[in-house]
Amino acid sequence: MEDSYTGLPTSHLLGSVPAATNDENNTAKQEGDRGRGYHTLDNPPETFEQQSANNWRGVFSVSSYTQYFNVDTDVVIFRLISSFNPYGGDFFSKIDANPDLYGLIWVSTTLVFVLAALGNLATYLMQKHTGTSTSWSFDVGYMNVAACAIYGYAIVVPLAYYFFLQYMGSNASLIRFWCMWGYSLSIFIISSFLLLIPVEALRWLIIILTGVASASFVALNLKSCIEGNELSVAIVAAFFLQIALAVFIKVWFFA
Amino acid sequence: SASVPAPPPLPSSRPEIAASGFGPAPNTLTEPVWDTVKRDLSRIISNLKLVVFPNPYREDPGKALRDWDLWGPFFFIVFLGLTLSWSASVKKSEVFAVAFGLLAAGAVILTLNVLLLGGHIIFFQSLSLLGYCLFPLDVGALICMLKDNVILKIVVVCVTLAWSSWAAYPFMSSAVNPRRKALALYPVFLMYVSVGFLIIAID
């Protein structure tokens, strides 16, 4: 298979990513095993990284963005599982060398579909349970609301935090924020299945637990990334934004 | 006196129009409409047979859909949107919009996903293939529209979903690095499951 990128030898030194450049969108490095990808099956997942030539070939060229999708299946699964753990606080160090946007895009897309589908099913089950009506009606508007809400939240909130932190002088990385917030939504996919149970009190319990877990994941990771006490308001705000998303999901889709 | 011999009579003896040469006949612009339609239809059918039904070329995806086209996918997507829209009792146009948007945007996004993961495919060939793989779901949607029984719908959709996924699998999985196969295949599966759910859930 032909190699359309200059393949530089992989550096196996951890911490070889320099912090010198602010403008990491354009100088992000994602070379590595592209040409040897089929053969090197024993590389540890997080050491693809080293500083290499600028891969940015323009906004409209797909190859400029492949650097943000340079992950394998096991890496993605590892990041998904670590997003279920609310106490870690070390997510940024796990993704530092190789943040990916695959998680953001497909976790949020899965969540949109799951909310639209299971929201309809849950409404039907709740109506059957309380005996008001037993006919199935499918409201396709759920899809629109789900898409706007989830995509809007997942894209705008990290963007806002990025701009806010840049303004406050702290060095933030938009891709890492998008990556972290994207993976933080994955726990809602599981809880959506649990929210099918048509018992109102149980539904609230589930969503509160999920919301708190997801929000503390976001807050603890944000705390590990932001130094300084003046920005702790931002961390608290992130916590409550995630809780607000959880409550919105419950109220709109699983009423 | 030397007279210029008459040129041998050709089936279509007009001067050649230097347009794109889609096929062996140079004057596709001047042929009867029925010939064009028949040629496109036969290409659609042969592509369909290559993609959706078992055949010896399946393991080599590049060979399988060498003569790709976009008419087939267009018909299948529109047909699926129309079928879902007919099956719906309320918000018919919104259902069509959601179905069409999901499928069309989905095909583009799935192709981009493979390209972003470092895979090697041709953009339009992939769109074509994903469109052809909708054929089983079209059949399923038609059956579900005609017979409105939930259990039957679930069974039909599961069968056609599995068929569609089976059709798309060799192409998508061979396009990327084997360590990323699941990352490329999962979105395809997600799209087909969401379409399948729409088919079952439309009342």
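B:Trp71 and B:Phe74 sit three residues apart, about one turn, in helix H3 (residues 71–87) of chain B. Helices here are DSSP runs of H or I with at least four residues, strands are runs of E with at least two, and both are numbered from the N terminus. This is a predicted model, in which local features need pLDDT of at least 70, side-chain atom pairs count only at pLDDT 80 or more, and totals for chains, interfaces and linings use all residues. Residues are numbered from 1 along each chain as its sequence is written, chains are lettered from A and ligands numbered from 1 in the order in which they are written, and side-chain values use heavy atoms, with hydrogens and water left out.

B:Trp71 is partly exposed, with a relative accessible area of 45%. B:Phe74 is also partly exposed, at 42% relative accessibility. The scale calls a residue buried under 20% relative accessible area, exposed over 50% and partly exposed in between, using a 1.4 Å probe and protein chains only.

Next come the aromatic pairs. A pair of aromatic rings is described by the distance of the centres and the angle of the planes. Rings of Phe, Tyr and Trp (its six-membered ring) pair if their centres lie within 6.5 Å; planes under 30 degrees apart count as stacked, over 60 as edge-to-face and the rest as tilted. By this rule there are 22 aromatic pairs over all chains. One of them joins B:Phe53 and B:Trp163: the ring centres are 5.6 Å apart and the planes meet at 65°, so this pair is edge-to-face. The two residues belong to distant parts of the chain, 110 residues apart. B:Phe53 is in the loop between helix H1 (33–52) and helix H2 (61–64) of chain B, while B:Trp163 is in helix H7 of chain B. B:Phe53 counts as partly exposed at 32% relative accessibility. B:Trp163 is partly exposed at 26%.

Now to charge. Side chains of opposite charge can pair when their charged atoms come close. The structure holds 10 salt bridges over all chains, each a side-chain nitrogen of Lys or Arg within 4 Å of a carboxyl oxygen of Asp or Glu. Within chain A, A:Glu200 bridges to A:Lys250, with the closest N and O atoms 3.1 Å apart. This pair links distant parts of the chain, 50 residues apart: A:Glu200 is in helix H7 (residues 200–225) and A:Lys250 in helix H8 (residues 232–253) of chain A. A:Glu200 is partly exposed at 33% relative accessibility, whereas A:Lys250 is buried at 1%. Within chain B, B:Asp148 forms a salt bridge with B:Lys153, the closest N and O atoms being 3.2 Å apart. B:Asp148 is exposed at 63% relative accessible area, but B:Lys153 is buried at 5%.

Other salt bridges cross between the chains. B:Arg180 pairs with A:Asp72, and their closest N and O atoms are 2.7 Å apart. B:Arg180 lies in the loop between helix H7 (150–175) and helix H8 (181–201) of chain B, and A:Asp72 in the segment before helix H1 (73–83) of chain A, so the pair joins two chains. Both B:Arg180 and A:Asp72 are buried. The side chain of B:Arg179 also meets A:Asp72 in a salt bridge, at 3.2 Å from N to O. Across the interface of chain A and chain B there are three salt bridges.

Step back to the whole interface. In it, 31 residues of chain A are in contact (heavy atoms within 4.5 Å) with 31 residues of chain B. The area buried between the chains is about 2,800 Å², of which carbon and sulfur atoms give 65%. Buried area is the accessible area (1.4 Å probe) that two parts lose on being put together, summed over both. A:Trp106, A:Phe113 and A:Phe138 supply 21% of the area that chain A buries against chain B, more than any other three residues.
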